[in-house]
Amino acid sequence: METLVEDAPVKPVRATRQKQERQRTLSLGYSLNSNANFYDIPVSDAFNDLLERYIPPQERPQRHVTFDKAKGPDAMVMNNMWRSIAKYARQQIVQSDPSQVEDILKLGLCQLASAEFEKLGDLDRPELCDMHTNQSLVPFELRILWGTLPSYLKYPTLALERITMLAVYCKKMQLKDVDQVSLWQRREVQTYLVLATHWINIRDYSSAAATMQLILTKLPDHIDVLSSLGRLYLQMGDLNSANRMFDRIQETDATAEAIKTNKAFTLMAQGEWLQARDILQQVYEYNKDNLLVMNNLAVCEVYLGNLVKSIEILETLTENNPTSAGTCETAVLNMCTLYELRYEDATEKKIEVMKQVARWAGDSFQADCIKLQ
Amino acid sequence: MSTAIHSPRQGSISSPNSQTQDDQLPHLLSLKVMRLSRPQLTSTLPIYYESNTEKTSPLVDGLESLNISDLTASHPIDRNQCNEIQIRDFGLSQMLKLPSAFGNIYLGENFSTFISINNESPFAVQQVGVKIELQTSSQRFVLSDTTTTPLTALEPQKTYDTTVAHEIKELGVHILVCSVQYNAPDGKRRHFRKFYKFQVSNPLAVKTKLNNLIDGRVFLEAQLQNVSAGPMFLERMKFEPSEHFIFEDLNQVVTNNDSVFGDSFIHPQDIRQYLYMLSPKDDQNDRISRTTNALGKLDIVWRSYMGDLGRLQTSQLTRKAPMLEDLEVQPFLQEPVRVILEHPFKLGIRVKNHSTENMKLVLTAIKTKMGSVLLSGLSSVQLGDVPANQSAETQLEFFPLSSGLQRVGGLRVMDLLSGYTKDIDHVCDIFVLSHLNDDIESNI
């Protein structure tokens with residue numbers, strides 16, 4: 001008797017590969033979507049603690065920090081409602097969106113963000129690559145975030161190392177990804193800017209200046225780079241180099257205000273407060289929307305001995321612009337420092353400031369600028 | 001109440017009870033001070049995001065609008081040039097931040113303070129006179145005094161403000177003494193004082209190392225360390241020699257005159273070594289410069305944050321004066337010579353009499369002390385009479401037996417009149433070439 005032996009049916013190769021792809025995408029999707037990826041987001045913050053300590057409940061202003069889904073994410077960002085955004089992002093299906101981790105960063109909860117990164121794992125692992133193009137699915141912004149995070153956690157040298165490696169990565173990608181060479185060139189330059197920023201934050205101004213000089217070789221005579229580098233030289237105390245940078249900025253309509261502002265900084269570095277004040281006054285007359293110059297004007301007035309005038313300028317600035325100047329930590333710090341000088345006991349005044357700020361400040365406001373324990 | 005302690009931000013404050021005269025009633029005026037070191041530009045850590053046109057995300061839109069209203073963000077000057085670089089990632093803003101703490105104060109810096117007197121009472125006070133003094137361990141400086149031209153009236157809740165400045169020239173404890181006198185509404189003359197104590201320390205530590213060369217030149221190494229708490233920009237680092245010397249600054253790269261340090265920025269705890277070669281000003285009459293202790297001074301000007309200026313001049317840098325030998329033996333060559341193995345060469349020897357007596361000198365060679373470069377010819381040469389401060393010269397012929405870097409030495413000079421002898425084990429070093437065609441010339 002004959003036995004029929006059948007060959008095992010051969011699955012078409014293409015179908016197998018597609019199935020594998022789908023399985024892979026699904027498993028990646030599930031691992032990224034999983035709620036287990038995310039840690040709990042804390043409910044309160046240090047600013048709330050201050051409010052509770054100094055202001056009785058009936059006078060406490062309402063902070064707009066509650067989760068209002070109807071607002072939509074862009075409105076939440078504009079109002080600095082980072083806690084809400086974090087919750088919102090978590091509720092979304094996360095693909096390769098960096099929003100969750102960025103939000104947590106803005107909240108100042110860097111330990112949490114770091115832990116999230118740990119969960120994501122190695123950003124270069126094969127699963128995170130697109131099978132067809134063999135390119136990383138990980139967005140560049142997320143890589144930068146990973147690189148800069150150690151700075152927030154007080155390990156700045158690790159951040160410097162990671163950011164430098166990212167610059168090398170950009171150089172490599174210029175060779176690998178031939179369709180987007182200019183994109184990677186731009187990213188390389190941006191990475192150098194981030195590097196310079198982190199040098200500045202650990203007060204190594206000469207390394208920051210060297211990095212900016214490197215950018216200048218790639219973008220010679222770019223006014224933003226020249227202006228920024230000049231400012232950096234002033235902060236460092238190198239007045240001659242600062243002037244050299246500022247002299248290279250050509251006078252045009254677009255640059256008139258910037259040139260005057262830079263001139264004012266140069267005069268301040270030489271201790272010429274009267275001349276600096278006069279120039280800043282001119283800038284303000286020309287552009288009353290320049291809030292920055294108002295703050296700097298107030299600072300000049302202090303050095304000229306005009307305490308009351310300086311306080312007036314800062315109070316006007318913060319009252320008329322509650323969402324920008326009013327929640328700007330530097331402006332608030334300047335104002336509180338001057339209150340301490342003006343009054344025997346400045347606590348009352350600082351509590352007033354706190355009430356004003358609380359109405360508009362979001363989750364990322366650093367409350368130690370008010371100088372209350 | 002007049003001895004209230006204020007926030008530690010203002011430096012440590014001490015108000016000894018015995019010195020304020022009327023403590024019985026609270027004072028109507030209050031006094032506050034704030035040190036005016038330079039303001040600083042706020043530094044930030046901007047969040048990185050990309051705003052390319054293909055994909056928009058609500059997060060990016062929100063971050064963009066936040067960036068526009070952020071006073072501490074770096075904004076582009078000309079929006080048309082944004083394609084090449086997004087300057088928002090640069091973390092040094094244009095917002096100035098007032099000094100919010102006293103900080104450290106160093107010798108050579110300018111101490112500048114804001115003083116504010118506030119009328120805390122609901123009554124006007126009259127004839128307000130203020131005297132501000134700085135007391136160091138040795139002196140008392142008056143920084144401001146309006147006691148002879150007092151302010152006629154100070155209304156309730158109004159302030160009387162003034163700024164004072166002083167260049168700090170001493171180390172140690174300094175006390176800012178603020179004395180205020182005024183007429184209370186009841187006509188009584190009242191008076192109180194406040195004291196603010198602070199320490200002045202050295203921002204720079206200078207150490208020197210010296211090499212006294214045989215020909216009267218001095219090789220000076222000045223080691224400069226930044227021992228302050230913050231970085232410094234050295235605007236000026238100049239050596240001023242004492243009257244007996246001229247100097248050569250050895251701190252430039254030979255080929256292009258750049259500074260060997262690259263830049264002038266010195267971090268806290270960093271050290272820099274500056275090298276100078278000092279030569280006697282008067283070559284012929286160099287007795288004083290050979291024996292003097294005083295070498296010169298360093299004149300240093302630096303700037304810290306936002307141009308805060310400091311300047312220091314060191315005291316005279318000294319050395320232990322070298323013992324002046326009566327006889328000095330120096331080699332010299334008329335022109336560069338190529339010294340080749342087993343070929344004789346001539347070397348000039350100059351003997352100088354530094355003593356105050358005449359000498360009659362003989363130059364001899366001691367074979368056992370000569371190494372591989374031997375004297376060729378007579379082993380002793382009569383140099384004859386050499387008066388005080390004069391020198392005699394002669395030419396000696398030498399014969400090198402080994403190649404490479406070799407020592408010429410093993411000579412002895414003797415004064416026939418006094419019996420004084422001096423052995424010179426090392427006259428100079430020469431490089432002996434193996435072959436006629438090799439390349440290096442000997443030069444002293």
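# A tour of helices and salt bridges

Select residues 256-269 of chain A, which form helix α13. Keep in mind that the model is predicted.

Which residues of α13(A) are buried? Colour A258(A), T261(A), N262(A), A264(A), F265(A), T266(A), L267(A), M268(A) and A269(A) to show them.

Zoom out to the whole of chain A. Chain A has 18 helices and zero strands. Of its 373 residues, 53% count as buried. The accessible surface of chain A comes to about 18800 Å², and 50% of that belongs to carbon and sulfur atoms. Now consider contacts in chain A between residues at least 6 apart in sequence: 53% of these join residues at least 24 apart.

Next come the salt bridges. Side chains of opposite charge can pair when their charged atoms come close. Over all chains, a search of the whole structure finds 27 salt bridges.

Select K288(A) and E285(A), whose side chains meet in a salt bridge with an N to O distance of 3.7 Å. K288(A) counts as partly exposed because its relative accessibility is 48%. E285(A) is also partly exposed, at 47% relative accessibility.

Move to E340(A) and K371(A), another salt bridge, with the closest N and O atoms 3.5 Å apart. E340(A) lies in helix α17 (residues 329-342) of chain A, while K371(A) lies in the segment after α18 (347-360) of chain A, so the pair ties together parts that are 31 residues apart in sequence. Are these two residues buried or exposed? Both E340(A) and K371(A) are buried.

Go to chain B and select D299(B) and R236(B). The closest N and O atoms of this salt bridge are 2.5 Å apart. D299(B) is in strand β19 (residues 294-303) and R236(B) is in strand β15 (residues 232-241), both of chain B, so the bridge ties together parts that are 63 residues apart in sequence. D299(B) counts as buried, at 13% relative accessibility, whereas R236(B) counts as partly exposed, at 34%.

For the last stop, return to chain A and select R277(A), D278(A), E301(A) and K309(A) together. What joins these residues into one network? Salt bridges that share partners do.

Key. Residues are numbered from 1 along each chain as its sequence is written. Chains are lettered from A and ligands numbered from 1 in the order in which they are written. This is a predicted model: local features need pLDDT of at least 70, side-chain atom pairs count only at pLDDT 80 or more; totals for chains, interfaces and linings use all residues. Side-chain values use heavy atoms; hydrogens and water are left out. A salt bridge is a side-chain nitrogen of Lys or Arg within 4 Å of a carboxyl oxygen of Asp or Glu. Buried means under 20% relative accessible area, exposed over 50%, partly exposed in between (1.4 Å probe, protein chains only). Helices (H or I, at least four residues) and strands (E, at least two) are DSSP runs, numbered from the N terminus. The expected span of a helix is 1.5 Å times one less than its number of residues. Contact means heavy atoms within 4.5 Å. Accessible areas come from the Shrake-Rupley method with a 1.4 Å probe; for residues, only the protein chains shown count as cover.
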